[in-house]
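Me: I've got a structure open and a few quick things to ask. Can we go through it together?
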Amino acid sequence: GFFMKNEKRCPKCNSTDIIKVPDNLCNKIQAKWPMLSMVVLHRYVCCNCGFSEEWVDTDELQILKETI
């Protein structure tokens, strides 16, 4: 399969009308380690059907594993 962040195409309806939601506090997970750091969720939304995907950068995955 393909993913919205890489292919810029919706896996549900095949539309290319994809937006990346700007980073803000709604797109972050508060981690307890390191001291109250924030892990950014990169959100992609299909403007045709509303399907969305969220991605965390691979360098921040360890922070989540140790926090949650």
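**Aromatics, cysteines and a glutamate**

Reply: A search of the whole structure turns up one aromatic pair. Keep in mind that this is a predicted model.

Me: Which residues form that aromatic pair?
Reply: F3 and W55. The geometry is edge-to-face, with 5.2 Å centre to centre and 75° between the planes.

Me: Why does that angle count as edge-to-face?
Reply: Because planes over 60 degrees apart count as edge-to-face. The F3 and W55 planes are at 75°.

Me: Where do F3 and W55 sit in the chain?
Reply: In distant parts of it. F3 is in the segment before α1, the helix at 4-7. W55 belongs to strand β4, residues 52-56.

Me: What about the accessibility of F3?
Reply: F3 has 39% relative accessibility, so F3 counts as partly exposed.

Me: And W55?
Reply: W55 is partly exposed too, with a relative accessible area of 24%.

Me: Switching to cysteines. How many disulfides are there?
Reply: Zero disulfides in the structure.

Me: What is the nearest cysteine sulfur to C10?
Reply: That of C49, at 3.7 Å. C10 is in no disulfide.

Me: Is C10 buried or exposed?
Reply: Buried, because the relative accessible area of C10 is 1%.

Me: Where is C10 in the fold?
Reply: C10 lies in the loop between α1 and β1, with β1 at 18-20. Its C-alpha is separated by 8.7 Å from the C-alpha of N48. Along the chain, C10 and N48 are 38 residues apart.

Me: What about C47?
Reply: C47 is in no disulfide either. The nearest cysteine sulfur is that of C46, 6.7 Å away. C47 is partly exposed, with a relative accessible area of 42%.

Me: New topic, E60. Where is E60 found?
Reply: In the loop between β4 and α2, with α2 at 61-67.

Me: Buried or exposed, that E60?
Reply: E60 counts as buried, because its relative accessibility is 16% and the cut-off for buried is under 20%.

Me: What does E60 touch?
Reply: M38, V39 and V40, leaving out residues up to four places away in sequence.

Methods: Residues numbered from 1 in each chain as written. Predicted model: local features only at pLDDT ≥ 70, side-chain atom pairs only at ≥ 80, totals over all residues. Heavy atoms only, no water. Phe/Tyr/Trp six-rings, centres within 6.5 Å; stacked < 30°, edge-to-face > 60°. Helix = DSSP H or I, 4+ residues; strand = E, 2+ residues; numbered from the N terminus. Buried < 20%, exposed > 50% of the residue type's maximum accessible area, 1.4 Å probe, protein only. Disulfide = S-S within 2.5 Å. Contact = heavy atoms within 4.5 Å.
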